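Please keep the sequence and the model in view while reading.

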Amino acid sequence: MYIEASNPRIPGNVARLASPVLCGSASRTQGCIKFAYHMYGSTMGSLQVKIGKSRKWIASGNQGNQWNIVAIPFTSTGCYQVQYFIILHRILLLYGLHIQF
């Protein structure tokens, strides 16, 4: 996913990517969200990951000129939705969003 932050976007705009509502099985409640992101430069915004209503991870500002890989383990307690919130300042790239149980 590529988020373009040029005109007519302004700093502070929020892009949201949401999974469908997911329900873990009774026998397996552990999960992991894996993805890579690229946030390079002095004008980066932030990227937040929420599972249900709980914020599980955040990155803000310059994270270096490379792809960074993230794995967020979690335990499901029923049905939930994974949401990625991108608070724009400039350009942000996400790659390979993957949820596994």
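## Strand 9 and its partners

Strands here are DSSP runs of E with at least two residues, numbered from the N terminus. Strand 2 and strand 9 run antiparallel and are joined by five bridges; two strands count as paired if DSSP finds at least two bridges between them.

Strand 9 also pairs with strand 5, in the antiparallel sense and over six bridges. Five of the six residues of strand 9 are buried, so the strand is largely enclosed by the rest of the structure. Buried means under 20% relative accessible area, exposed means over 50%, and partly exposed lies in between, with a 1.4 Å probe and protein chains only.

## Basis of the model

The model is predicted: local features need pLDDT of at least 70 and side-chain atom pairs count only at pLDDT 80 or more, while totals for chains, interfaces and linings use all residues. Residues are numbered from 1 along each chain as its sequence is written, and side-chain values use heavy atoms, with hydrogens and water left out.

The protein chain has a mean pLDDT (the predictor's confidence in each residue, from 0 to 100) of 76, and 73% of its residues reach 70 or more. Confidence is highest in strand 6, at 89, and lowest in strand 10 (residues 92–100), at a mean of 53.

Four strands form an open sheet in the order 2-9-5-6, with antiparallel pairing. Strand 2 (14–18) and strand 6 are the edge strands, each pairing on one side only. On average, neighbouring strands of this sheet are turned by 15° against each other, direction ignored; the axes are lines fitted to C-alpha atoms, and angles run from 0 to 180 degrees between N-to-C directions.

## The nonpolar core

The largest nonpolar core has 18 residues, of which Ile33, Phe35, Tyr37, Val49 and Trp57 touch the most other members. Two or more residues each come from strand 4 (30–38), strand 5 (46–51), strand 6 (54–60), strand 7 (68–75) and strand 9 (82–87). Such a core is a set of buried Ala, Val, Leu, Ile, Met, Phe, Trp, Tyr and Cys residues joined through side-chain atoms within 4.5 Å.

Ile33 lies in strand 4 and is buried, with a relative accessible area of 0%. The C-alpha atoms of Ile33 and Val70 are separated by 7.9 Å, although the two residues are 37 residues apart along the chain.
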